[in-house]
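Here's a quick tour of a model for you to follow along with. Keep the viewer open while you read.

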Amino acid sequence: MRFASLGSGSGGNAALVEEGGTCVLIDCGFSVRETVRRLARLGRSPDSIDAVLVTHEHADHIGGVGVWARRYGTQVWMTPGTWGRRDLGELPRIELFSCHEPFAIGDLEVWPFPVPHDAREPSQFVMGNGAFRLGILTDAGRSTQHIEAQLEGCDALMIECNHDSEMLANGPYPPSLKARVGGGHGHLSNSQTAGVLERLNTSGLQHVVAAHLSEKNNHPDLARAAISNALGCEPEWVTVAEQDEGFGWREIV
């Protein structure tokens, strides 16, 4: 199993998870043209995508989904609450899932779980192939026991480090936006993510990726330092998912 990112941040999000003959696009927050360009960088084309798996309805995650699905006929999976956002238009192949029930897309097993975020029915995922598991957690204002139970013992993690709390407090955002980002239904800070990692069994962790970094309220070095301190690893071992470049394929073996 392997995974990669097309880009991560408030300007757009999309990731790939691949196992055997199955390749799933998680979110599509870029235009179709930009998504195709970024896929090519990873050696993939639209006809290689078996499904789009949507986390929630915010534009930086779902902005390209409707056009993509209509142009390429790709199957789209989302929660009923996310599907309630009808300005997506008609989707030719829609599948609705519960945040509390696992399902399969081709060779990939998917365990969704709910997260506290200011969306209608947001979900994040653990993806597996029967031998290894990848945990994905972004767009959550806080962690919960249920979230950490899902991520426990994963072989790879892509986890949000949205902001440094001091940078957010002293940064340019208006008070209302600071309250939203730093609130319980906003985004995880570096220190919150470090706390999650300290509570998990990470002894078998092969990869860790800091994702969804704020360009104004964080810095890659701060995210790496928080994660490396929590894991007791070198900062260079931590991958940062960039807005423009994402990151290349990471193998879980």
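What follows goes through a sheet, the cores, a helix pair and a few loop residues.

## Ground rules

This is a predicted model, in which local features need pLDDT of at least 70 and side-chain atom pairs count only at pLDDT 80 or more, while totals for chains, interfaces and linings use all residues. Residues are numbered from 1 along each chain as its sequence is written, and side-chain values use heavy atoms, with hydrogens and water left out.

## The seven-stranded sheet

Let's start with an open sheet of seven strands, running β7-β8-β9-β10-β11-β12-β13 with mixed pairing. The edge spots go to β7 (103-105) and β13 (239-240); each has a single partner strand, so one side of each has no neighbour in the sheet. For the bookkeeping, strands (E, at least two residues) and helices (H or I, at least four) are DSSP runs numbered from the N terminus, and two strands pair if DSSP finds at least two bridges between them.

A104 has E109 in β8 as its bridge partner. Helix α9 (residues 220-231) packs on the sheet, where it touches β12 (207-211) and β13, and its direction makes about 140 degrees with that of β12. Contact here means heavy atoms within 4.5 Å; axes are lines fitted to C-alpha atoms, for helices over the stretch in contact, with angles from 0 to 180 degrees between N-to-C directions.

## Nonpolar cores

Which residues touch the most other members of the largest nonpolar core? Out of its 26 residues, they are F113, L137, L151, L157, V208, A210 and I227. Buried means under 20% relative accessible area, exposed is over 50% and partly exposed is in between (1.4 Å probe, protein chains only).

Not counting residues up to four places away in sequence, A210 touches I159, C161, A223, I227, T239, V240 and A241. Apart from this core lies another, of 25 residues, including V24, I26, M158 and F247.

Next up, α1 and α3 (residues 65-72) pack at an angle of about 75 degrees, their axes 9 Å apart. That makes α1 roughly perpendicular to α3 (under 35 degrees is roughly parallel, over 145 roughly antiparallel, 65 to 115 roughly perpendicular, and the rest oblique). On the α1 side the contact uses V32, T35, V36 and L39, and on the α3 side V67, W68, R71 and Y72.

I49, in the loop between α1 and β4 (51-53), is buried at 7% relative accessibility. Leaving aside neighbours within four places in sequence, its contacts are L16, C23, L25, L39, W68 and T74.

D27 sits in the loop between β3 (22-26) and α1 (32-41), and D139 in the one between β10 (133-137) and α5 (145-151). Neither is a glycine, yet phi is positive at about 70 degrees for D27 and about 55 degrees for D139. D27 is buried at 4% relative accessible area, and D139 is buried at 1%.

N162, in the loop between β11 (156-160) and α6 (165-170), counts as buried at 6% relative accessibility. Its side chain makes a polar contact with that of H163 (3.0 Å). Such a contact is a pair of N or O atoms within 3.5 Å; within protein, one must be able to donate a hydrogen and the other to accept it, and residues adjacent in sequence count only if both atoms are side-chain atoms.

Conventions
Core = buried A, V, L, I, M, F, W, Y, C linked by side-chain atoms within 4.5 Å.
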